Amino acid sequence: MKKSDWILVLAIFLAVCLSAGFLYGSRDRGYCVSIQIDGAEYGRYDLSADRVIEIGETNRLEIRDGKASMVHADCPDQLCVQMAPVSAVHELIVCMPNRVVVEVMEE
């Protein structure tokens, strides 16, 4: 390989690293979660306080270490329970059968 080829490879590598840094490093940490049932707000809960929230009779959300995760749902597919915990602004947990949406908010 020529010297110009190495410079091109290095430039592409740096561009990829910078892009990854902007995409994954710029996620703002949220301060609370907003829970909605069928489009109406059910409540807002601070992410800094560990707690378990019963969402109606169908779902249970757990807040621990600044992250929220659905730990129980009575729906058949259990996709919301299998989702990773959320903590960055605008991340969502959605339980479609029960019409529950949990969104991380800035304030």
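Predicted model: local features only at pLDDT ≥ 70, side-chain atom pairs only at ≥ 80, totals over all residues.

Visitor: Remind me, what is a disulfide?

Guide: A disulfide is a covalent bond between the sulfur atoms of two cysteines.

Visitor: Then what about Cys75, where is the closest cysteine sulfur?

Guide: The closest cysteine sulfur to that of Cys75 belongs to Cys95, at 3.6 Å. A disulfide requires the sulfur atoms to be within 2.5 Å, so this distance is too far for a bond.

Visitor: Is Cys75 buried or exposed?

Guide: Cys75 counts as buried, at 6% relative accessibility. Cys95 also counts as buried, at 1% relative accessibility.

Visitor: On to the sheets. What holds strands together in general?

Guide: Strands of a sheet pair through backbone hydrogen bonds, and the pairing is either parallel or antiparallel.

Visitor: In what order do the four strands of the open sheet come?

Guide: The order is β2-β1-β7-β6, with antiparallel pairing. The edges are taken by β2 (40–46) and β6 (92–95); each has a single partner strand, so one side of each is left without a neighbour in the sheet. From one strand to the next, the twist averages 15°.

Visitor: How many bridges join β1 to β2?

Guide: Six bridges join β1, which covers residues 32–37, to β2, and the two strands run antiparallel. To locate this pairing in the view, one may look at Cys32, whose bridge partner in β2 is Asp46.

Visitor: And the three strands, in what order do they form an open sheet?

Guide: That sheet has the order β3-β4-β5, again with antiparallel pairing. Its edge strands are β3 (51–55) and β5, each of which pairs on one side only. On average, neighbouring strands of this sheet are turned by 25° against each other, direction ignored.

Visitor: Take β3 and β4 first. Over how many bridges do they pair?

Guide: β3 and β4 pair over five bridges in the antiparallel sense. Ile55 has Asn59 in β4 as its bridge partner, and Glu54 stands opposite Arg60 in β4. The hairpin of these two strands has three residues between the strands, and Gly56 there takes a positive phi near 60°.

Visitor: What about β4 and β5, how many bridges join them?

Guide: Six bridges join β4 (residues 59–64) to β5 (residues 67–73), and these strands run antiparallel. Ile63 has Ala68 as its bridge partner in β5, while Asn59 stands opposite Ala73 in β5. This hairpin has two residues between the strands, and Asp65 takes a positive phi near 55°.

Visitor: You mentioned Glu54 and Arg60. What do their side chains meet in?

Guide: The side chains of Arg60 and Glu54 meet in a salt bridge, with an N to O distance of 2.7 Å. Arg60 counts as partly exposed at 30% relative accessibility, and Glu54 is partly exposed as well, with a relative accessible area of 43%.

Visitor: Why would such side chains pair at all?

Guide: Side chains of opposite charge can pair when their charged atoms come close.

Visitor: How many salt bridges does a search of the whole structure find?

Guide: The search finds four salt bridges. Among them is the one between Arg64 and Glu62, where the closest N and O atoms are 2.6 Å apart. Arg64 counts as partly exposed at 47% relative accessibility, whereas Glu62 counts as buried at 19%.

Visitor: Which side chain does Arg44 meet in a salt bridge?

Guide: Arg44 meets Glu41, at 3.0 Å from N to O. Both sit in the partly exposed class: Arg44 at 43% relative accessibility, and Glu41 with a relative accessible area of 47%.

Visitor: Last topic, the surface. Which residues form a nonpolar patch there?

Guide: Met1, Trp6 and Val9 form a nonpolar patch on the surface, and together they have about 370 Å² of accessible area.

Visitor: Where does Met1 lie?

Guide: Met1 lies in the segment before α1, the helix of residues 3–25.

Visitor: And is Met1 buried or exposed?

Guide: Met1 is exposed, with a relative accessible area of 66%.

Key
Residues numbered from 1 in each chain as written. Heavy atoms only, no water. Pairing = 2+ DSSP bridges. Axes fitted to C-alpha atoms, helices over the stretch in contact; angles between N-to-C directions. Patch = residues over 30% accessible without salt bridge, like charges linked within 9 Å, V, L, I, M, F, W, Y side chains within 5 Å. Areas by Shrake-Rupley, 256 points an atom, 1.4 Å probe, with all protein chains shown as cover. Buried < 20%, exposed > 50% of the residue type's maximum accessible area, 1.4 Å probe, protein only.
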